[in-house]
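This briefing sets out selected local features of a protein model for computational work.

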Amino acid sequence: MRSVRSTCLSCLVLACTFSAIMAGCATSQAPLVVLEAKADHEFEYSRWQKASEYYGEIAQRDPSNGHAQFRYGVSLMRVGEFSKAEAPLLTAHALEPRNDEIVYALAEVMHQRGEDAKLFSMLRNRAHDNRSVTTWMVLVEYAQKLDDYDSALEAVRNACSMETGDNPEPYYRAAVLLARINQDDEAIRRLRQAYAIDPDHEQVNTLLLEYGEVPGPTLGLAPGR
């Protein structure tokens, strides 16, 4: 009798334990839409650690969510977890290859990890493929951070060659770089190109006056390489 009672008690304990486990499994994971709303809220308020936890769970449960993968990588980057940030950003890039914002976040992670050769290659390829002035200018920024003026000048020349006559910034940045290496004649030429696009550009006008050039209707030069 004792054996039968003991067996029944054991079965009851196992049944209760199993029910508790199943109940726990049913309620342990919040719906993804709820998690994403929480993650986005934390991200918008720059609470990067908490955002990374939410986005990390979303990315694990739904690897095809490019939005979560990107923001997971950015959140990790913001808290200095650069090694961990690269994988979700690469996944986001594979999911959304046309998204420049992902590429620029990847560039920053590569720079922080000391992978500047890989960074330069990625940005050069993207700038060439997309004929992107913006991407060339991002490369200029990183080249300057590394005091690599050859790469910076190459990038800014390419930006100028692709610029369509609407944006004076590549020419202005080229002039600043050229001034640093004492190529004053070329710097003035770039300033005159910038002036033709935007005669009211304050920094361009300031540099022109420093070079002794007087702004006026005949000073501008056609944009391009």
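Arg131 lies in the loop between α7 and α8, helices being DSSP runs of H or I with at least four residues, and strands runs of E with at least two, numbered from the N terminus. The model is predicted, so local features need pLDDT of at least 70 and side-chain atom pairs count only at pLDDT 80 or more, whereas totals for chains, interfaces and linings use all residues. Residues are numbered from 1 along each chain as its sequence is written, and side-chain values use heavy atoms, with hydrogens and water left out.

**Positive phi in the loops**

- Arg131 has a phi near 45°, a positive value in a residue other than glycine.
- Arg131 is exposed, at a relative accessible area of 56%; buried means under 20%, exposed over 50% and partly exposed in between, with a 1.4 Å probe and protein chains only.
- Asp147, in the loop between α8 and α9 (149–162), likewise is not a glycine and has a positive phi of about 55°.
- Asp147 counts as exposed, with 57% relative accessibility.

**Helix α6**

- Helix α6 comprises 13 residues (100–112) and reaches 19 Å from its first C-alpha to its last, close to the expected 18 Å; the expected span is 1.5 Å times one less than the number of residues.
- Asn99 caps the N-terminal end of α6, with a side-chain oxygen 2.9 Å from the backbone nitrogen of Glu101.
- Just after α6, Gly114 takes a positive phi of about 80°.
- The buried residues of α6 include Ile102, Val103, Leu106 and Met110, and Glu108 and His111 are also among them.
- Those buried residues pack against α4 (66–78), α5 (82–95), α7 (116–130) and α8 (133–145), contact meaning heavy atoms within 4.5 Å.

**Aromatic cluster**

- The whole structure holds two aromatic pairs; rings of Phe, Tyr and Trp (its six-membered ring) pair if their centres lie within 6.5 Å, and planes under 30 degrees apart count as stacked, over 60 as edge-to-face and the rest as tilted.
- Phe43 and Trp48 form an edge-to-face pair because their planes stand at 85°, with ring centres 5.1 Å apart.
- Phe43 and Tyr55 are also edge-to-face, since their planes lie at 80°, with ring centres 6.0 Å apart.
- This second pair links distant parts of the chain, with Phe43 in helix α2 (residues 32–44) and Tyr55 in helix α3 (residues 48–61), 12 residues apart.
- Phe43 is buried at 12% relative accessible area, and Tyr55 is buried at 0%.
- Phe43, Trp48 and Tyr55 form one aromatic cluster.
- Arg78 lies over the face of Trp48, 5.4 Å from the ring centre; a charge sits over a ring if NZ of Lys or CZ of Arg is within 6 Å of the centre and within 35 degrees of the ring normal.

**Salt bridges**

- The structure holds 14 salt bridges, each a side-chain nitrogen of Lys or Arg within 4 Å of a carboxyl oxygen of Asp or Glu.
- Arg71 bridges to Glu44, with the closest N and O atoms 2.9 Å apart.
- That pair links distant parts of the chain, Arg71 being in helix α4 and Glu44 in helix α2, 27 residues apart.
- Arg71 is buried at 14% relative accessible area, whereas Glu44 is exposed at 53%.
- Glu86 and Lys118 meet in a salt bridge at 3.2 Å, N to O.
- Glu86, in helix α5, and Lys118, in helix α7, are 32 residues apart.
- Glu86, Arg113, Glu115 and Lys118 are linked in a network of salt bridges.

Methods. Polar contact = N/O pair within 3.5 Å; in protein donor to acceptor, adjacent residues only side chain to side chain.
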